[in-house]
Every structure is written in structure tokens, then in C-alpha cells.
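This report describes the charged pairs and the chain contacts of the structure shown below. It is written for a reader who is meeting the structure for the first time.

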There are 2 protein chains.
Amino acid sequence: DEASPPPGDTGDPFAGDPPRHPALRVNSLKPFNAEPPPELLTQSFLTPNELFFTRNHLPVPAVEPGSYRLRVEGPGGRALSLSLAELRQRFPKHEVTATLQCAGNRRSEMSRVRPVKGLAWDIGAISTARWGGARLRDVLLAAGVRDNTGDSTGDDNEWHVCFEGLDADASGTPYGASIPLKRALSAEAEVLLAYEMNGTELPRDHGFPVRVVVPGVVGARSVKWLRSVAVSPAESPSHWQQKDYKGFCPSVDWDSVDFGAAPAIQELPVQSAITEPRPGAAVAAGELTVKGYAWSGGGREVVRVDVSLDGGRTWREAELGPRPERGRGWAWALWELRAPVPAGARLDIVCKAVDRSYNVQPDSVAPIWNLRGVLSNAWHRVPVTVTR
Amino acid sequence: DEASPPPGDTGDPFAGDPPRHPALRVNSLKPFNAEPPPELLTQSFLTPNELFFTRNHLPVPAVEPGSYRLRVEGPGGRALSLSLAELRQRFPKHEVTATLQCAGNRRSEMSRVRPVKGLAWDIGAISTARWGGARLRDVLLAAGVRDNTGDSTGDDNEWHVCFEGLDADASGTPYGASIPLKRALSAEAEVLLAYEMNGTELPRDHGFPVRVVVPGVVGARSVKWLRSVAVSPAESPSHWQQKDYKGFCPSVDWDSVDFGAAPAIQELPVQSAITEPRPGAAVAAGELTVKGYAWSGGGREVVRVDVSLDGGRTWREAELGPRPERGRGWAWALWELRAPVPAGARLDIVCKAVDRSYNVQPDSVAPIWNLRGVLSNAWHRVPVTVTR
Ligand SMILES: [Mo]
Ligand SMILES: [Mo]
């Protein structure tokens with residue numbers, strides 16, 4: 001989740017990056033990291049492709065679709081090499097509506113407690129799309145991977161599927177990440193090798209021509225510009241799997257951190273934020289509309305969002321917007337609360353969500369502070385004043 | 001989770017209840033509801049049967065094992081009737097180490113915020129055992145239930161498995177509950193029809209001769225003295241499924257509650273508590289040992305426990321005890337922290353756990369208060385003084 005460009009190259013490795021929508025709020029230009037403004041984020045259930053948050057670790061690779069090949073390595077030395085046409089034609093197209101969230105979403109709130117290392121994301125490092133592609137499960141089975149996920153006495157949960165991207169630093173080291181093989185093989189987990197985003201081909205910033213989409217899991221595992229898929233007894237050796245994207249006790253600092261001691265983030269905890277009004281706003285007396293999003297990892301759909309106008313002393317339940325495919329809880333819920341507010345009042349608006357396992361968000365940021373500023377999911381607070 | 005005895009019976013329907021261990025702390029005698037004292041709770045990883053928390057809704061039925069029959073109803077009118085010997089012999093014995101927790105565990109902390117309806121459990125309505133029995137999956141397949149859980153386009157997740165106990169009120173209405181069919185059929189979810197608890201037959205208070213054990217799910221679904229299992233398109237019509245064991249916004253009271261609006265609790269959220277020292281204790285200066293348990297629902301094993309001695313301002317990481325079968329996260333973690341404490345200090349000891357999905361416990365009780373006092377999983381706080 002670092003923003004430093006690859007070192008020691010001649011010329012600008014980012015010169016070939018695509019154009020971007022001017023409404024995006026840029027956290028880092030090279031590599032490009034940007035989020036939509038909060039008001040636009042909750043204007044529609046599916047985020048328009050050009051406003052979808054962009055989290056690039058490296059320059060955007062230029063891929064010629066005609067010569068693109070995806071390498072898929074099974075456990076016994078068997079391997080497939082798939083062209084884009086083969087990926088589209090050999091495997092049924094599967095579609096999933098899923099929210100992706102960066103581990104660093106809402107990091108800027110954590111930095112206010114104590115500085116952390118990472119991009120200063122506000123609340124917009126989260127977006128939702130309808131993804132279309134081949135199921136990773138189908139591709140792995142075609143590569144000879146045996147499906148014994150139903151057999152809980154097996155040790156499948158100890159194996160992993162490692163992904164590498166075509167994006168690489170100056171030394172040629174690509175972006176990489178992994179997920180457990182069990183998730184990769186689960187029909188229910190719906191992991192995709194996606195070539196479509198909201199009905200069109202993937203934009204270059206989102207992984208053209210093929211990216212992984214792991215519903216319910218931190219965005220960092222949904223590797224873009226996918227070059228290879230390999231079944232392995234170990235997690236990805238990549239920096240981003242081993243030395244990043246992990247959570248720690250607030251007392252752990254850069255001198256004491258042991259990245260081997262914490263599990264790599266996969267499923268994310270329950271999350272929500274207020275997109276309207278904005279902090280510090282002056283709102284009109286009368287009926288106030290509060291809007292936001294709520295989401296949880298692992299397919300645990302959001303079942304309730306509580307909103308407070310008085311800093312958390314009293315709460316009322318927000319109205320949840322419609323969600324397609326209830327029961328496959330990969331997508332966020334947009335929510336809204338309307339409440340009368342008196343002229344001259346100072347409101348401390350707060351939201352917190354509850355997911356299907358009745359997990360809730362923590363009240364405050366400091367006790368979940370961690371040196372990388374990930375997993376920032378405390379109650380979201382928006383102070384406003386009501387005009388006279 | 002109510003303690004009221006069945007009405008209008010002649011004689012004492014609880015007269016046949018079994019004897020109990022004198023160390024148990026009784027919250028209600030008829031029906032019997034009791035928990036082990038905290039110090040005993042974390043003395044061993046597996047809770048001795050006689051100290052396992054007991055949560056009875058009704059009188060303990062007297063079951064003659066020779067004439068016991070379990071009725072299993074599939075979807076197409078097909079049914080099985082199994083004797084205890086048949087259940088033991090026809091299906092392979094499967095063993096699971098799983099923690100069960102009552103939805104009302106730690107309710108007494110919630111009552112201190114504002115009164116709630118329910119038994120005043122302290123922190124001991126949670127215990128761990130090694131369970132042995134037939135897999136519910138195997139029994140359902142033998143009853144003709146089709147396994148299409150791997151097919152995510154099916155609507156299996158809309159079906160349920162309903163359980164009824166042999167315990168009944170004066171009108172003959174039995175205890176009942178249900179779980180989703182998807183969980184019941186999942187080999188990985190390891191749902192048992194258990195006839196063994198820590199290597200012996202089930203004690204009468206824990207469901208002799210057969211009970212359900214649903215790992216990772218609220219105790220209320222692990223129906224004891226099991227009489228029938230039925231596959232159904234709807235959840236159990238039982239009071240305890242429909243009008244109880246659900247979570248609500250703190251603003252919902254008995255006038256406004258709509259039990260149809262909230263999902264029945266299945267997986268529980270992340271939880272932890274301090275078992276030693278006890279609140280108000282005077283501890284010796286020098287090295288203090290803090291002990292406790294931590295657990296989360298859905299198999300999401302606990303990955304970290306943070307402990308504070310100053311009310312949550314600073315934190316250190318507790319040492320987690322060994323857990324058998326890492327990766328099948330059905331059982332709690334016992335933990336311990338040793339820290340030097342100066343004479344005369346006042347300590348506000350706090351613990352909070354983090355599970356594999358990086359969900360955390362909320363800081364405080366009031367914002368998760370609900371009228372039934374369930375899901376009480378805020379940070380656990382134990383104030384102590386250090387002697388001079
Ligand atoms: Mo990320
Ligand atoms: Mo319970």
C-alpha cells in the first residue's frame with residue numbers, strides 16, 4: 001500500500017498510464033491512486049467504471065490483447081496457457097456484483113491519531129461493480145487441480161493460489177498476492193478471472209485485459225493485469241502478501257513489528273461511512289438526509305445500520321437501499337436516514353453497521369490503530385452545524 | 001432465553017431434573033440455568049462436563065435410551081426413524097472440539113446500562129467440549145436430502161433444517177430451532193448429532209441421549225434431547241427462532257419491536273473476557289497474571305487478544321494458549337498476560353479480541369444495548385487495586 005515509484009529507471013515508467021476522470025481525488029499520481037468524492041460514491045449502487053477507486057502499486061502495463069496469455073500452473077507440473085479468446089470461450093461466463101475495498105480505506109482517520117505509513121485515503125477507497133469472467137474454480141479444474149474441498153479431513157486449507165500481475169517494478173518484480181485454495185475452488189465463493197466490469201471490457205486502470213476478483217476479500221488479493229495463477233503449498237512470497245496488509249496491536253511499531261506473527265488480511269471486517277453531509281458542512285434546518293454505505297467481508301451482508309445525530313448517545317435505524325441477489329452478500333448496502341433538525345443545532349453524526357454474524361464496528365480509532373493504517377473501521381463521525 | 005417455568009402444571013415438572021455440581025452459579029433453578037465460576041472456566045481448555053454452563057429452557061426430559069427414536073424428515077415425505085444404536089452404527093463417528101456460547105453471555109453488563117429481559121449471565125455462559133456423534137450431513141443424505149450445496153445457482157440457502165427437543169412446556173410445545181440447510185449439509189461446517197461429550201455419553205443436562213452441536217453458531221440452535229430433524233422451506237416456527245435470539249438497534253423497545261425485521265442469530269460475533277483477576281480484587285504488587293478466553297463465531301479463529309491495564313489507553317498483546325486443530329476454528333483460545341504492577345496502583349484491566357476476519361469487539365456496551373440483552377460483546381473491563 002506504499003506510493004513510492006520503482007527506483008532507478010530511465011525515463012518515466014508511468015508515461016504510458018491511461019487518462020483519468022477529473023472528478024477523482026488523487027492520493028498519489030505515480031503510481032496512480034485515487035478515489036471518487038463521497039457524494040458521487042453513493043449516487044448509484046454500481047460505481048461507474050471511470051469513478052471506481054483506483055489502487056495501483058506500479059505503472060499500468062500496456063497489454064496487447066491479441067498476444068495476451070494467462071499461465072495457470074497446477075500442483076503436478078501441469079500447466080495451461082490461455083489466450084483471452086480461450087478464457088472467454090472455454091469457460092462459462094459468470095457474473096457477480098461485488099464491492100472491493102482497499103485495506104487502507106479511511107486511513108486518514110487513523111493518521112490523525114498517530115502517523116501511519118501509507119496513502120491518505122479518505123472514505124472512498126471502496127466501490128462496487130458487476131464483474132463478468134471465468135470462474136477461477138473452472139480454470140483450476142481445467143488445469144488438473146483436484147477438488148476435495150468438500151473433504152474437511154483433507155489439508156486443502158493449507159494450500160494457496162498465487163497470482164502475479166503484469167505490473168512490475170524496475171527490477172522486474174511483479175505485484176503478487178494469494179488466497180487460500182479452498183476459497184479459490186469454492187463455487188460459492190465465486191472467485192472470478194474477470195474480463196468485464198459493468199458490462200464493458202476492463203478499463204486499463206482496473207486490470208485490462210484480465211484481473212482476479214475475490215468477493216468479500218481485501219482488494220489487494222484481486223490482482224490486476226493477471227499474468228499467472230499458480231497452486232502452491234505456501235502463500236505468495238510477494239512483499240504485499242508477506243510484509244504488508246496485516247493487522248497489529250496498537251503498541252507494535254516499526255522497531256518491534258514481526259510480519260510473520262500476523263495473518264495476511266483476507267476477509268475484511270464490517271465497515272460503514274457517511275457520504276452526505278460532509279464534515280464541517282452547514283446544513284439547512286428542517287429535514288436532514290444522511291447518506292452512506294455499509295459493507296462487510298466474507299459475504300456477511302449488512303443487516304442494519306444505526307445512525308446517531310448526537311455523537312452516539314441515541315441511535316436510530318437507517319433505511320437500507322435495495323440489493324440485488326440478497327443472500328450472496330458480496331455487495332455493499334447504500335443507506336439513508338431522514339431526520340428533522342432544528343436551526344442552530346450542532347450535530348455529531350455517527351454511523352455504525354451490523355453484519356449477518358452480528359459483528360459491529362468499534363467505537364473509536366485509537367484502540368485499532370496500527371502502524372500501516374489498515375482495517376480502519378471505527379464508527380464514522382461527521383460534525384455539522386444547522387443554519388439558523 | 002427466558003426463565004419462566006411452564007404454566008399451569010400440577011406437581012413440579014422440574015422434580016425429575018438431575019443433580020448438579022455445587023460449584024455452578026445458578027441464575028435460575030427451574031428451568032436450570034447456571035454457569036461455572038470464572039476461575040474454573042479457564043483452568044482447562046476443555047470444560048469438564050459437570051462444570052459446562054447449562055442453559056435449559058424447560059424441564060429436563062427423562063429419556064429411556066432403549067426406546068429412544070430420532071425422526072428425520074427429508075423434503076419429499078421420506079422419513080427415517082433411528083434408534084440410538086442405529087445412529088451410532090449406521091454413521092461414522094465424527095469428533096469436533098467446539099465452544100458453545102449462549103446468546104445472553106455477559107448480559108449482566110448490558111443490564112447495568114438499562115434493564116433488559118433475560119437471565120443475568122455473567123461471563124460464564126460459554127464452555128468448550130470435545131463432541132462426538134454422527135454428522136448431520138450424513139444423516140440427512142441417508143434420509144434422501146440432495147446435496148447441491150456446491151451449486152451456488154441453486155436456492156439451497158433458502159432452506160432450513162428444523163430441530164425439536166423432547167423438552168416441552170405444559171401445553172406440550174417443545175423447544176425448537178433451525179439452521180440453514182446449507183450449513184447442515186456442509187462437510188466443512190461439521191454439524192453433529194452428538195451422543196458424546198468429552199469422551200462420555202451426554203449428561204442429562206446437556207441433552208442425553210442426543211443433541212445437535214452447531215459449531216460457530218449461537219448455543220440456542222444446538223437443540224438438546226433431540227426428537228426430530230426436518231428439512232423445511234421455512235425457519236423453525238418456534239418462539240425461540242422467531243421471537244427471540246435476535247439483535248436490534250438500542251432505540252427499539254418492547255412497544256416498537258418487530259421481531260420479523262431482524263435475522264435470527266446464527267454465527268456469533270467476536271468475544272473475549274477476563275476470568276482472572278475478578279472485578280474489585282486486590283492483587284499483589286509484582287508480577288500480575290491476567291487470564292481469559294476469546295472466541296468468535298463462524299469458525300473465524302481468534303488471531304490476537306489485546307490487553308490494557310489503563311482502561312484502553314495503551315495495549316499489549318496477550319499470549320494465546322495452544323489450540324488443537326488450528327484451521328478449524330470452532331474452539332476458544334485461552335490467553336494470558338503477565339505484567340509488572342506497582343504497589344498502590346488502581347488498574348482498569350480491559351481485553352479485546354481480533355478474529356481471522358479482523359473483526360474486533362466494540363469499545364462500550366450502551367451502543368450495542370438491545371432489549372433482550374443478547375450479543376453482549378463489548379470490551380471486558382475489570383477494575384482492581386494493587387496492594388501496598
Ligand atoms: Mo489496498
Ligand atoms: Mo442462549
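## A buried charged pair in chain B

Arg106(B) is buried, with a relative accessible area of 0%; buried means under 20% relative accessible area, exposed over 50%, and partly exposed in between, with a 1.4 Å probe and protein chains only. Its partner in a salt bridge is Glu109(B), at 2.8 Å from N to O. A salt bridge is here a side-chain nitrogen of Lys or Arg within 4 Å of a carboxyl oxygen of Asp or Glu. Glu109(B) is buried as well, at a relative accessible area of 12%.

The model is predicted: local features need pLDDT of at least 70 and side-chain atom pairs count only at pLDDT 80 or more, while totals for chains, interfaces and linings use all residues. Residues are numbered from 1 along each chain as its sequence is written, chains are lettered from A and ligands numbered from 1 in the order in which they are written, and side-chain values use heavy atoms, with hydrogens and water left out.

## Other salt bridges

Arg227(B) and Glu164(B) form a salt bridge with their closest N and O atoms 2.9 Å apart. Arg227(B) belongs to strand 13 (residues 226-232) of chain B and Glu164(B) to strand 8 (residues 160-168) of chain B, so the pair ties together parts that are 63 residues apart in sequence. Strands (E, at least two residues) are DSSP runs, numbered from the N terminus. Arg227(B) is partly exposed at 32%, and Glu164(B) is partly exposed at 33%.

Arg71(B) pairs with Glu73(B) in a further salt bridge, the closest N and O atoms being 3.0 Å apart. Arg71(B) is partly exposed, with 42% relative accessibility; Glu73(B), at 31%, is also partly exposed. In chain A, a network of salt bridges links Arg183(A), Glu267(A), Arg300(A) and Asp355(A). Over all chains the count comes to 38 salt bridges.

## The interface of chains A and B

In the interface, 43 residues of chain A are in contact (heavy atoms within 4.5 Å) with 43 residues of chain B. The two chains bury about 3,400 Å² between them, 50% of it on carbon and sulfur atoms; buried area is the accessible area (1.4 Å probe) that two parts lose on being put together, summed over both.

How many salt bridges are there between chain A and chain B? The count is zero.

Key:
Helix = DSSP H or I, 4+ residues; strand = E, 2+ residues; numbered from the N terminus.
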